[in-house]
Amino acid sequence: MVFLIQQTLLFAVPLMIVALAGVCAERSGVINLALEGIMIFGAFIGVLFIRVMQETGMFEQEQGQILMLLTMVVSAVCGALFSLLLAFSAINLKADQTIGGTALNMLAPAIVLFFIIMLIQQTKMGMAEGGAASWFMIRPSTFGLPKDHSWGPFIDVFINKVYLSTYICLAVFVLVSVFLYKTRLGLRLRACGENPQAADSLGINVYKMRYMGVMLSGALAGMGGFTYALTTANCTATGAVAGYGFLALAVMIFGNWTPLNIALGGLLFGLFKCIAATYATLDINGDGIYLLNEIGVSPYIYRILPYVITLIVLAFTSKSSRVPKAEGIPYDKGQR
Amino acid sequence: MLRVDPSTGKQKWYTTDGTKSVLSALISILIGMAVGSLIIIIVGLTKDGISTKGIWDGIRLVFMGILSTGRDGAELSFGFNPVNVGNMLFRATPLIMTGLSVAVAFKTGLFNIGAPGQYLMGIAGTLSVGLTLGNAGCPVVVAWFAAFLTGVILGALWGAIPGIFKAFLNINEVITCIMTNWIAANLVTWWFDSHEIFKNAAEGGKIGYIIPLKNVGVVTPKMGMDVLFPGSQANGGFWIACIIAVAVYILMTKTTLGYELTACGSNRHAAKYAGINDKKNIILSMMIAGGLASAGACLYYLAGNTEFFWSTYLSLPPEGFNGIPVALLAANNPVAVVFSGLFMSMLNICGTQLKSLTAYNEYIADIIIAVIVYLSAFSMFIKQLLNGRKQKGGNK
């Protein structure tokens, strides 16, 4: 059970944060189809940064948590910078946002693989030394306690063998949600996605707001990409994130563009991902029987379900969808 | 300057929309290649072990890799290389088909980003039927057509799903296409995972591949390609793709169906008002698009010597996505798609040459393609620049 909850959180958190990234951009009126590409880029920058820091010897294994925090900031900044490409074409040049996003999705793996091969002559880049678990995982030894120390079943779930990044992402998720829905700036940003002309007439700079939305989106997606690489890919960058960015788009639609529903959707999809990845050795209630394996349901069912559920949800909610009204339409000042 | 020839009343050739489309495509290509060269220069200057000569070699291969004949001593040599040109034609075949797929959907106002999924369904249909009939001793011609048609029909049905969602529920086709892509990736992997008879167990060291169709003899005839380009993979599939491209051109420009599809793309509501069944046309357009994309997969795998890695549920075939730049570069003109498809596969060949002859690698070609897609997102903007200020002045 402990294992199931921890694994689900590992899979769910990147999904949630990247889905929220999608919301930030779409609420400001720009479709961000480039989430997958930005994740790939963020993951690459994060792993590269860790490698360089390890090689220069600035950080030792004991300071792993500080290095991880720093890396999250770096990949968020680089994700935001990368998303500027989308912002520029979508906002200034009024280009087709879907094509612009597709271009970024093609550009990111190409650049990442090009540089990984130039740097280390192979297509997979890991850390310079050690692994994600030995450097960044929180364990009793992190607090100076003996290896087999236990805090009891409940607390163990949340602080034994987990990554700090999971909680930082959750905190950021809450902060950004509050920003979007409870602050004046957030309200202005959302107005630009619903009725930019009205927003402009009230003195809001639509271009600025949309830039903010897209860059915030890029920062969250970059951070989510690194978190994905750290927690589920043992801190390696390969020029792919296995469709996570697109799955995050599905979570966003599933959650109807609202943070609370996205959190629930992220957990649900994370659970499916987790079951599909670990079903053969998953012991839910600790009686030594691998229940899901014995039912005999193919793991492909679990892999397909998130996408099928999204399609069904789309089919039933298309009438009451909360999709931002001005999404995907370039803002033209001269238009009324 | 007058834009209309006073004697004939027709637009001058250099002011037509077609000329501007070609020009803006050429500008995109040039900028893309310039960005690629720039990366080569920057990387070459910052990385040890790459000399100025290495940089110069890299840039030359980006532009003329198709003519490369390897190295003559220390110097790169250039000339007609039948293997390169033949392989270019071979790899262009699926790109032309997915490009046509995206172009037809674009004409109906739909963005078919679902080509990878349709492509995968085509692979599954073709390989399964081809191998089964081939093993059963069916005549090659019958097996070939059965395999081809099964793949095309599967792809068309798969393409119909986003079409139905769009037509009846008005759900953005981009989202449904992305969902169906990943569903297809999992379904195809599942299908081959649970059918051991299709897996290539005979050849050691090739774990995870499906038996190539040449083992059962169901292959597309060469149609003279082996004489023209000896040593390459080129086959008659390229000619078939060209014929299909012309057929699509005729369909879209000379038939009622094509007119209805285009009308729906220009303005769905106006078309409906004029008595065109918009729902039917949207679904039909996606089905044609799906069929074209999967036909690309069929032609590629019916070549016989291509092998399919079946455990693909974590990735989508790049041929599907590369249909998007092919269509964009061709401004959705089916005949121009043939040329832009050839250009994309030429870049691909340049990439492999770059990998085998210099310190750089093949992903520089992907970067160039991505830059071209990025630029074509605002091709309207480039066209406006080409128009200059004259149009604003009202000089018509």
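This is a predicted model: local features need pLDDT of at least 70, side-chain atom pairs count only at pLDDT 80 or more; totals for chains, interfaces and linings use all residues.
Residues are numbered from 1 along each chain as its sequence is written, and chains are lettered from A and ligands numbered from 1 in the order in which they are written.

**View 1. Chain A as a whole.** Chain A holds 14 helices and two strands, taken as DSSP runs numbered from the N terminus (helices H or I, at least four residues; strands E, at least two). Its radius of gyration over C-alpha atoms is 21 Å, close to the 20 Å from the globule rule for 336 residues, so chain A is as compact as a globular protein of that length; the rule is 2.2 Å times the number of residues to the power 0.38. Buried residues, those with 20 or more other C-beta atoms (placed from the backbone) within 10 Å of their own, make up 49% of the 336 residues.

**View 2. The side of chain B that touches chain A.** The contact, counted where C-beta atoms placed from the backbone lie within 7 Å, takes 37 residues from chain B and 36 residues from chain A. On the chain B side, the elements giving two or more residues are helices H5 (140-169), H6 (173-193), H12 (318-329) and H14 (363-377). By class, this side has 28 nonpolar, seven polar and two charged residues, where Ala, Val, Leu, Ile, Met, Phe, Trp, Tyr, Cys and Pro count as nonpolar, Asp, Glu, Lys and Arg as charged, and the others, Gly among them, as polar.

**View 3. Helices H8 and H13 of chain B.** H8 (residues 237-254) and H13 (residues 334-357) pack at an angle of about 150 degrees with their axes 7 Å apart, the axes being lines fitted to C-alpha atoms over the stretch in contact and the angle running from 0 to 180 degrees between N-to-C directions. H8(B) is therefore roughly antiparallel to H13(B), a term for angles over 145 degrees. Among the residues in contact are B:Tyr249 and B:Met252 of H8(B) and B:Pro334 and B:Val338 of H13(B); the contact comprises ten nonpolar, no polar and no charged residues.

View 4. E1 (residues 68-72) and E2 (residues 75-78) pair in the antiparallel sense over three bridges, pairing requiring at least two DSSP bridges. B:Ser68 has B:Phe78 of E2(B) as its bridge partner, and B:Gly73, in the hairpin with two residues between the strands, takes a positive phi near 70 degrees.

Methods:
Angles under 35 degrees count as roughly parallel, over 145 as roughly antiparallel, 65 to 115 as roughly perpendicular and the rest as oblique. Two residues are in contact if their C-beta atoms, placed from the backbone, lie within 7 Å. A residue is buried if 20 or more other C-beta atoms lie within 10 Å of its own, exposed if 12 or fewer, and partly exposed in between; C-beta atoms are placed from the backbone.
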